[in-house]
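Have the structure open while you read.

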Amino acid sequence: MRITERLRRKFWSQVEIGSESECWEWKGVLSQDRFAKFNLSRMTSTSAQRFAMQDYLGKRISKHHYVVRTCENPRCVNPAHLTLSYSPKLTFKRSPSVIKSQTRRAIPVLRSSGFSITEISRALGVKWMKTSRLLRQAA
Ligand SMILES: [Zn+2]
């Protein structure tokens, strides 16, 4: 994703910016599964958190990283409350039951980071229908 001046203005005009410790709430649209979503154009969108993080870092975030909130507010896009993490599939080890619960937790996080259901299902090795169902349960 390339961030132009126009996109940057459009994005931050939809954020209620506060102090560094406060949550900066996204006032724009939410996706169907209620995650903060930023429309880059009529056809493409990304997660608001991912856009905020990329703008803050000033460089492209690789597809192997996802942006995770460190606060509990799903609308928060304050870069101070966001962190970058590697794709969770690299950390998936241990017993099947641990993998199962990690997968459950990772799906909504990945979705809110702008990954499609198809991408998540491939990355985690979970069937598309199941990924979609787990996502609905988490919402
Ligand atoms: Zn926050």
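## Overall fold

The chain holds five helices and six strands, and keep in mind that this is a predicted model. Reading from the N terminus, the elements go α-β-β-β-β-α-β-β-α-α-α. With a radius of gyration of 15 Å, against the 14 Å that the globule rule gives for 139 residues, the chain is as compact as a globular protein of that length.

Along its principal axes, the C-alpha trace spans about 45 × 35 × 25 Å. Buried residues account for 28% of the 139 residues. If you take the contacts between residues at least 6 apart in sequence, 46% of them join residues at least 24 apart.

The chain splits into domain 1 (1-86) and domain 2 (89-139), with their C-alpha centres 21 Å apart. Where they meet, 12 residues of domain 1 are in contact with nine residues of domain 2.

Which elements give two or more residues to the side of domain 1 that touches domain 2? They are β4 (45-47), α2 (48-57) and β5 (65-69). β5 gives the most, with three residues. By residue type, that side of domain 1 has six nonpolar, three polar and three charged residues.

## A closer look at α4

Helix α4 covers residues 117-124, and its buried residues are I120, S121, A123 and L124. Looking down the axis of α4, these buried residues fall within an arc of 165°, so they line one face of the helix.

Just after α4 comes G125, which takes a positive phi of about 70°.

Conventions: Residues are numbered from 1 along each chain as its sequence is written. This is a predicted model: local features need pLDDT of at least 70, side-chain atom pairs count only at pLDDT 80 or more; totals for chains, interfaces and linings use all residues. Domain bounds come from an automatic or database domain assignment. Two residues are in contact if their C-beta atoms, placed from the backbone, lie within 7 Å. Helices (H or I, at least four residues) and strands (E, at least two) are DSSP runs, numbered from the N terminus. Ala, Val, Leu, Ile, Met, Phe, Trp, Tyr, Cys and Pro count as nonpolar, Asp, Glu, Lys and Arg as charged, and the others, Gly among them, as polar. A residue is buried if 20 or more other C-beta atoms lie within 10 Å of its own, exposed if 12 or fewer, and partly exposed in between; C-beta atoms are placed from the backbone. The arc is that of the directions from the helix axis to the C-beta atoms. The radius of gyration is taken over C-alpha atoms; the globule rule is 2.2 Å times the number of residues to the power 0.38.
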